[in-house]
Amino acid sequence: MTVYILCFVLFLVGLYGVITRRNLIKIAIALSIMEFSIFLMLVLIGYIDGGLAPIVDPDLAGQIYVDPLPQAMVLTAIVIGLATTSMLMAIAIRLYRKYKTFDIREIKNLRG
Amino acid sequence: MDTLIPLFVAIPLISAFLIVILGKLVKGFHRFFAPLILLALLVMAVIEFSSLGKSSIHYTLGGWSTEGGYPVGIYMVLDGFSVLMLCIINLIGFIALFYSLSYIRKYTAESNYYALFCLIIAGMNGVVLSGDLFNLFVFLEVSVISSYALVAFGVGKTELEASFKYQVLGGLASMLILLAIGLIYWKTKTLNIADVRNVLDAGYSKPYYIFIQVLLISGFGLKAAIIPFHAWLPDAHSSAPSPISAMLSGVLIKAVGIYVLIRLFFNMFVFTHEIAVVFTTLGAISMVIGAFLAFMQWDVKRLLAYSSISQIGYVVMAFGMSMILLVRGDNYTAAALAIAGGVYHMVNHAVFKGLLFLNAGALEYRLDTRDLKKMGGLSSAMPVTSSTSFMASMSISGIPPFNGFFSKLIIIIAAINGKFYLLATLAVVISFITLAYFLKFQRYAFFNKPLQKSIEKIREVPFSMSFSMVVLAILCLALSLLAFPSINDAILRPAIHVLMQSDIYSTTIMGL
Amino acid sequence: MEGMSTIVKKVTQLMAGIIFMYGIYIILHGHLTPGGGFAGGAIVAGAFILLILAFGSSALNLKKEVSGTSNVESVAILIVLLLALMALLFGIKVFFFNYLPKGEPGELVSAGVIPLYNIFIGIEVAAAILTIFLALVIFKEESSK
């Protein structure tokens, strides 16, 4: 159970970063931390003590394998995370070129 | 019509990448190819709609069906509710794309715009068709990531800022959704929506699932911009190019927000009274606050964006009321009426909000401003824009004989039948406030004395823009026919049927 | 962006080929061992990124490179989709159906279309990551000018 709680703590660390940081890049990093805490949790869900990688070998009858589905999910989610992060970076760099700063306190045209 | 189902996702995906390659080689390729693809998708959706009726079909990717009673493949499910959403998505998509033919010429990198547009359509079709939680998440991200890019398409200061805000909040929402999906998989060991329902029917621990439901409400609530989660919507929807605003406000928040919420809460989870009350309250709050916030805006597109929040509130409130009534289990006719009102208002909102954003785009195209105070007297200069936006405004504020009147009337009647007198009163009052701010929009944009001297130079917008606005305005009138019982039966009944008998989804798909 | 010192350049020259080959191995054995298209593609892209970092972006003619990688990416993903659509013509006529002969489990040439998907997804991922990286490099070059 401890590992799941640690995952949740990591999630909260990311959430804290998203809420309190003022730098665009740091916000992106904090979002990535949140993402990876969830990936860790998903992999742990599929983990079974003493399980092998899920390539079923007919010679080893009765062998325990870990659950492959969360691993597939995590791989797909990592791809999605890559797309989101690169999108965030692209926008952050564009913003930097317009404002010459990464500080969100100085980037606020939109309100209301 | 089984083979058509995967093509709803495959065709827009393939055309997106074809546009990227061939758009560079063949000049103007994207300009005729993309509308053709969207038209083909619309025709396919209508064919499915007419052939489906009350039945539901499912499609297993790669031929992996069930293995010892457990679904192992990815399911794509088409039933009354999803086929209705499919029709709306492809209809508004086609019209917004046709409108962009003239509108988007002022931007550079046109071919990228069309490619991203096709991706957004592919993602939304995938979300609506998917019968599997994780697949749904993937398609949701496809459509949402391309919408991030499209919001920032103008690469001005405000566009980039709005897109960054949208991405941070959207990323947060995705994380909450992924967490909820992981937790569901942990306990049920399945991701198939129908199978999860069957597992839950066998018994479940309530607090655990309440936690998951709260996560899902926050996640999809962020995507659908229900009130406490709405901060990104006015910025993102007002900064995007206008056809994209029409897509975002018209269909995206419904397809990836409301549709998924309704599908999961009606067909996957077992109803609980607490969640039903939360739904209704959130809906009522967004309906009220969205309307008041919209009233204060002077930017046309911000006004429309806030009014989207308010109208989505109507839809969520209607579904919430029907959930409460279904939990109580004593008043099924009122519940069916509330669901009918919710579905009907969702369809109507796609049409008239799409039209209003296209109107705002036409104003921006000719005047280069979105500020209501700088407009005025345009009714003679832009007759098509003026008349269509008048129809849309009357429709959204609930004036007969337009479609908005009938859907709001059905919601209010359902509220009275279900003895929610406070909600019925609120719905009526908010309808009047909606009328007030849309009269403000009409008066300042079209009927005031012209402020600018150069008003004579302003002409009507090009053909493709005015044509799409006229089509949507005609639909505004035509959809009010759905209020007649026989037509209503043919078009809305399959969707209501799926949502009313909440077990029917899981039992027909798993073949029980 | 300037290149790094001679030691770094020499070591990356030696390493990049090995990393590239390792990426190809991961892609080709995707259906037999953990890994596959995405992981292998990321490693292949890593080899290129290492070279660009060591030798500096000034060594490349960047504008051309970006459009090249993004074209490769689009073609590769189109081929993946066409492979999936071809399944509508063979066998039980289902999207994403594995229509090629399956072969012996454990062999390199087995598992039907899955190695083909892996190869093209690998190319797609490598090209996509490289495109993103080069786009960011170009951003930096332009803003430092």
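These questions and answers concern the interface of chain A and chain B in a predicted model.

Q: What makes up the interface between chain A and chain B, in residues and in buried area?
A: On each side 37 residues take part: 37 of chain A are in contact with 37 of chain B. Together the two chains bury about 3,300 Å², with 80% of that area on carbon and sulfur atoms.

Q: Which elements of chain A give two or more residues to the side that touches chain B, and which gives the most?
A: The elements are helix H1 (2–20), helix H2 (24–46) and helix H3 (68–99) of chain A. H3(A) gives the most, with 16 residues.

Q: How do the residues of the side of chain A that touches chain B divide into nonpolar, polar and charged?
A: They divide into 27 nonpolar, four polar and six charged.

Q: How many salt bridges and how many residue pairs in polar contact are counted between chain A and chain B?
A: The count of salt bridges is zero. Three residue pairs are in polar contact, both residues being at pLDDT 80 or more.

Q: Why is H2(A) called roughly parallel to H6(B)?
A: The axes of H2(A) and helix H6 (residues 157–188) of chain B come within 10 Å and cross at roughly 10°. Angles under 35 degrees count as roughly parallel, so H2(A) is roughly parallel to H6(B).

Q: Which residues make the contact of H2(A) with H6(B)?
A: Among them are A:Leu31, A:Met34 and A:Phe39 of H2(A), and B:Phe164, B:Met175 and B:Trp186 of H6(B). The residues of this contact divide into 18 nonpolar, three polar and one charged.

How values were computed. Residues numbered from 1 in each chain as written. Chains lettered and ligands numbered in written order. Predicted model: local features only at pLDDT ≥ 70, side-chain atom pairs only at ≥ 80, totals over all residues. Heavy atoms only, no water. Contact = heavy atoms within 4.5 Å. Buried area = accessible area lost by both parts, 1.4 Å probe. Salt bridge = Lys/Arg side-chain N within 4 Å of Asp/Glu carboxyl O. Polar contact = N/O pair within 3.5 Å; in protein donor to acceptor, adjacent residues only side chain to side chain. Helix = DSSP H or I, 4+ residues; strand = E, 2+ residues; numbered from the N terminus. Nonpolar A, V, L, I, M, F, W, Y, C, P; charged D, E, K, R; others polar. Axes fitted to C-alpha atoms, helices over the stretch in contact; angles between N-to-C directions. Parallel < 35°, antiparallel > 145°, perpendicular 65-115°, else oblique.
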